[in-house]
Amino acid sequence: MADAGTLTSATALEDADRRKAWGFVAPALLWTIAFFVVPFAFMGAMSLWKREGRDLVRVWNLDNYARFFSENALFQGLVNSLEITVIVTVISVLLAYPLAWIIAERVPKRLQRMALILAILPFWTSYVVRSYSWLLVLSKNGVINQLFMNVGLISEPLQLASTRTATVIGFVHFFVMLLTLTIYSNLIQLSPNYRRAAADLGANAFQTFWHVVLPLTLPGIMTGAFLTFVLCIGDYVTPQILGGNNELVLPQIIMLQLGRRADFPMAAALSIVLMLAVTVAYLACARWLKIERA
Amino acid sequence: MLRQISASVLSWTYLVFVYAFIFLPVAVLVLFSFQDGRLPVPPFNGFSLQWYEAVFADRKLMAALGNSMVVALISSVISVLLGFLAAYALARYKLPGSALQRGLLIAPMTVSYLIIALGLLSLMNALHIPLSLLTVCIGHVVINLPLCFAIIYASMGDHHINIERAARDLGANDFKVMALVTAPMLMPSILAAFFLSVTFSWDEFIIAFLLSRFDVTLPVEIWSMLRSGLNPKTNAIGSLVFLASVAVLLFLELSLFGRTKKQ
């Protein structure tokens, strides 16, 4: 009897606890549902409507998606986005890894934090301003063209701005900083014992790096690369400022639908395509990505 | 020996090369904000503060600066508060579907800002809700809440549970435990979450661009300045924002993270 009594009071307590816990988590959940899940679902539904003339046709159809695959101007946006994103991710990893490695291995311990902070300092320039500042470097009368002309390397200014190269440079600049940070924090956690063991077993510096250090830092590389992919493929500002109106990427095409044509259903359909591209990338990297509680 | 020296020369050369690449645009930006002339490109004509004067005299720019501060502060406070409450509930209580709830709270992090903005914009249009700084705030909480939740949740180690239990045994209710025990213990990560949110909101463009109308934030105002092409005034406001961020970063490094390192 007494046992039964404590049991009920224990469950009653648990119920009260659970109600309280729901109360604490509810505001965040409701916010996410109201302002993320619902709009997202609404957008998904809208991508199945279409715009005809000035009217919105609220009948389920796949016309927007069919148009996306058949109209070269739209489909090319995805191709451009993927190409630029893959190029940027690869170049950024290749540039950032040696930098992170040198900071972790060659720079004296007490200076490492300083070196790292310095390496990511321009990260804190405003996002829009960062692309603009590359314009100062790359434009027709910009720093590089004037320098090259003064040295006599070229006689006519090069077309550097408003090209895919400019977009790639702007992106790489941003993501080298990000990747240096993630790869460095991965490298620094490696116990030196692994390397000692490899050396004891007769591996030279290159073999140690290739067979031991690199595989162990792969999670850091993949986390950074995934982040690069997601941020790069969804960005509108950098391609718009640096790439100009040549070789439009998907976000630029989405914004075009919003602006001149006010074709929300098409913009929604293109966003879903963008989402799917990110999801595929996520599935490809999923086994290296983890969110854990300490 | 020779190989070691050449390897180290190579390392340092590489370091200098990448640092030069990283700092080139910022250096150009700041240098030509002092340009005595109309174009922020070489040659450098001489030192002048006229563009900074122009920035401070620009009413619209100053209003945008104020709007950005308000939006960043309000959205960050809401994000940290909601994120903290949710982290507390999910780390300390057994709730059904807690993995799903965590997934849901983190989910906006994996979606491009453009898509979040577009979704909110279509919804606001459909519900005939006028766009304003309020809608920008809502959007910024959507992107910052996952971040705050993840950071605070990650730092809620199980070793804190006993201290909270002791407080509860001594008669504290949940709110007292949270305010007087949990929050102070987690202060470094709460502050980190807060300042990260402020930075993200402060710098965010596409949501602020699509969800605002008459009052705009600083990145949106700078965006509209870009239409006039290369302009030393844009350099000046860009340099100011950069210096302000670096000052905040230095302050954090010296106060917050300096302290946690010692502990």
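Me: What is the volume of the second largest pocket?
Reply: The model is predicted, so local features need pLDDT of at least 70 and side-chain atom pairs pLDDT 80 or more, while totals for chains, interfaces and linings use all residues. Residues are numbered from 1 along each chain as its sequence is written, chains are lettered from A in the order in which they are written, and side-chain values use heavy atoms, without hydrogens and water. A pocket is an open set of points on a 1 Å grid over the protein atoms alone, where a 1.4 Å probe fits, with protein on both sides within 12 Å along at least five of seven lines. With grid points joined across faces, edges and corners, and volume taken as the space filled by probe spheres set on the points, the second largest pocket has about 810 Å³.

Me: Which element gives the largest share of the lining of the second largest pocket?
Reply: The lining, meaning residues with an atom within 4 Å of a point, consists of 23 residues, and Trp101(A) and Ala7(B) are among those nearest the centre. Elements giving two or more residues are α3 (72-105), α8 (192-200) and α9 (205-233) of chain A, together with α1 of chain B; helices are DSSP runs of H or I with at least four residues, numbered from the N terminus. The largest share, 7 residues, comes from α9(A).

Me: How much area do chain B and chain A bury between them?
Reply: The contact (heavy atoms within 4.5 Å) takes 90 residues from chain B and 83 residues from chain A. Buried area is the accessible area, for a 1.4 Å probe, that two parts lose on being put together, summed over both. Carbon and sulfur atoms carry 80% of the total, which is about 7,500 Å².

Me: Which residue of chain A forms a salt bridge with Asp174(B)?
Reply: A salt bridge requires a side-chain nitrogen of Lys or Arg within 4 Å of a carboxyl oxygen of Asp or Glu. Over all chains the count is 9, and between chain B and chain A it is 1. At 2.7 Å between the closest N and O atoms, the partner of Asp174(B) is Lys20(A).

Me: Why does the pair of Lys20(A) and Asp174(B) join two chains?
Reply: The side chains of these residues, Lys20(A) and Asp174(B), meet in a salt bridge. Asp174(B) lies in helix α8 (residues 174-185) of chain B and Lys20(A) in helix α1 (residues 2-46) of chain A, so the pair joins two chains.

Me: Where is the place of Ser228(B)?
Reply: The C-alpha atom of Ser228(B) is separated by 29 Å from that of Gly139(B), 89 residues apart along the chain. The place of Ser228(B) is in the loop between α11 (218-225) and α12 (232-262) of chain B.
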